[in-house]
Amino acid sequence: MSKAIRLFSFIVISLFVSSAAMAATADNAKLQPQEWQKINVGPAQGTHHKLDGHPGFENLPHQQTLVGANNGDYNLVESQGMPQQAAMLMPAELPEAQNEATLGYLNNSGTFAFLEFASIFIVAGLFILFVLFNGISRLEKGFSGKLIKRWSGFSISIHWLGAISCIALIFTGLVLGLGRFYIEPSTNVYGWAGLVGIASSLHGLMAWPFIVGYVLMVLAWFPKQMPASYDLKWFAKLGGYLNFGKKVHPDAGFANAGEKLFFWTFAIGGGLMVASGLVMMYPETFDVSKNAANLMLAIHITATIIISAFAVVHFFMATVMSEGSMSNMTTGYCDENWAKQHHNVWYKELKDAGKV
Ligand code: HEM
């Protein structure tokens, strides 16, 4: 079987297994944050004055729809998306003391919406500007035509499994996080409800292949991502990507310092994202308190913003900025001149070992 077919089957099977796993556990997945936000505005039908004066509910406007799971006590409306008021995050059973710091943080949902937007579109815009002014990094000696093995078929499979699902999570997460500010005003309630419904389901579905890809990438690749003495110098020289002044190529092993930074941000931030996401998907299984659930959402949003910004830079580095690097993750091979120019220490190791 060709490599491409193996890769494709791996992704399809993982997605299939994920969907089945999700369907099997769907009953447990209640009270997800994306299901707590209202999609249409109207007065609460219940007796939410019962909540007045309780910590976290002091400033709850009476004419605003209460949000939460459809709860017998308060007859709350159906809800979707990220809530605007943190106090509304919680199922309105017995209000417990809310951690003011977390609530204050989550109340800034407009700011988060902007940061989520910025982490993708403004970072992309800045990168494009940088490329327009600076130009890309070309192979100074051109392509040699001699290929060196860099990534195994397994590594390529887990990369694309994690990458495709990560991109799907980022974009569906965008709809859930900033849609109410940037998309909802220009749609009608049915369009918006449909969009949020699709985004919410896809977000839950894509979490599974992402978790598989994430865990495998971190476990398989961390030995190659350890810090080295020359990494700081790589940062000081901006990786040699500046085309102004004297051209330099700072030392780099299998991974350069920038890739290592991305890897460890992905490893730590991705771990926080996965853990907080799972807790929010299965609050009953994890038996979380309201404060813990709020904290999980705060962690999830923060990690998302950081990882999204890195992912955008990573995407542009692979596709535009670094000539010859995209084929590394499609074929598993890099050109010898690419290895010499961008990963000289790794190239020397291969040479010393008689592998090139
Ligand atoms: C957004 C989700 C993605 C994640 C989490 C991710 C993660 C990673 C990680 C951890 C590495 C290894 C460390 C490194 O060499 O940088 C890597 C390598 C790579 N990625 Fe991604 N990636 C993602 C998306 C993409 C996309 C969309 C592309 C291109 C269209 C891409 C192209 C590559 C390439 C070419 C390499 C190999 C670089 C090399 O050989 O030095 N990645 N990715």
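Tutor: Start with a definition. A residue is buried if 20 or more other C-beta atoms lie within 10 Å of its own, exposed if 12 or fewer, and partly exposed in between. Keep in mind that this is a predicted model.

Student: What makes Ala275 partly exposed?

Tutor: Ala275 has 15 other C-beta atoms within 10 Å. Ala275 is part of helix 7.

Student: Why is Lys260 called buried?

Tutor: Count again. Lys260 has 20 other C-beta atoms within 10 Å. Buried requires 20 or more, so Lys260 is buried. Lys260 also lies in helix 7.

Student: What is Lys260 in contact with, beyond its neighbours within four places in sequence?

Tutor: Contact here means C-beta atoms within 7 Å. By that test, Lys260 is in contact with Gln225, Pro227, Asp231 and Ala255.

Student: Why does Leu238 count as exposed?

Tutor: Leu238 has 12 other C-beta atoms within 10 Å. Exposed means 12 or fewer, so Leu238 is exposed. Leu238 lies in the loop between helix 6 (231–236) and helix 7.

Student: And what makes Asp287 exposed?

Tutor: Asp287 has 9 other C-beta atoms within 10 Å. The limit for exposed is 12, so Asp287 is exposed. Asp287 sits in the loop between helix 8 (283–286) and helix 9.

Student: Why pick out the phi angles of Leu238 and Asp287?

Tutor: Most residues other than glycine have a negative phi. Leu238 has a positive phi near 50° and is not glycine. Asp287 is not a glycine either, and has a positive phi of about 50°.

Student: How do you know that the length of helix 5 agrees with its residue count?

Tutor: Helix 5 has 33 residues, which should span 48 Å at 1.5 Å a residue. The end C-alpha atoms are 45 Å apart, so the values agree. Helix 5 also has a kink of about 25° at Ala207, shortly before the proline Pro209.

Student: What does the span of helix 4 look like against the expected value?

Tutor: Helix 4 has 30 residues and reaches 40 Å from its first C-alpha to its last. The expected value is 44 Å, and 40 Å is close to that. Helix 4 bends by about 45° at Leu176.

Student: How many helices and strands does the protein have?

Tutor: Twelve helices and two strands. Of its 356 residues, 35% count as buried. Take the contacts with a separation of 6 or more: residues 24 or more positions apart account for 76% of them.

Student: What makes up the largest nonpolar core?

Tutor: The largest nonpolar core has 20 residues. Those with the most contacts inside it include Val175, Leu195, Val196 and Ala199. Helix 2 (100–106), helix 3 (109–134), helix 4, helix 5, helix 7 and helix 9 each supply at least two residues. Another core, of 19 residues, lies apart from it, with Ala207, Phe263, Met273 and Ala309 among them.

Student: What does Leu195 touch, leaving aside its neighbours within four places in sequence?

Tutor: Leu195 is in contact with Val175, Gly179, Ile183 and Thr187.

Student: Which residues come nearest to the ligand?

Tutor: Of the 22 residues around the ligand, Ala163, Glu259, Ala318, Asn328 and Met329 come nearest. By class, the shell has 14 nonpolar, six polar and two charged residues.

Student: How do you know that Ala318 is partly exposed?

Tutor: Ala318 has 16 C-beta neighbours inside 10 Å. That falls between the limits of 12 and 20, so Ala318 counts as partly exposed. Ala318 lies in helix 9. Leaving aside its neighbours within four places in sequence, Ala318 is in contact with Ser325, Met326 and Met329.

Methods:
Residues numbered from 1 in each chain as written. Predicted model: local features only at pLDDT ≥ 70, side-chain atom pairs only at ≥ 80, totals over all residues. Near = placed C-beta within 6 Å. Nonpolar A, V, L, I, M, F, W, Y, C, P; charged D, E, K, R; others polar. Helix = DSSP H or I, 4+ residues; strand = E, 2+ residues; numbered from the N terminus. Contact = placed C-beta atoms within 7 Å. Core = buried A, V, L, I, M, F, W, Y, C linked by C-beta atoms within 7 Å. Expected span 1.5 Å × (residues − 1). Bend = angle between axes of the 7 residues up to and from the residue.
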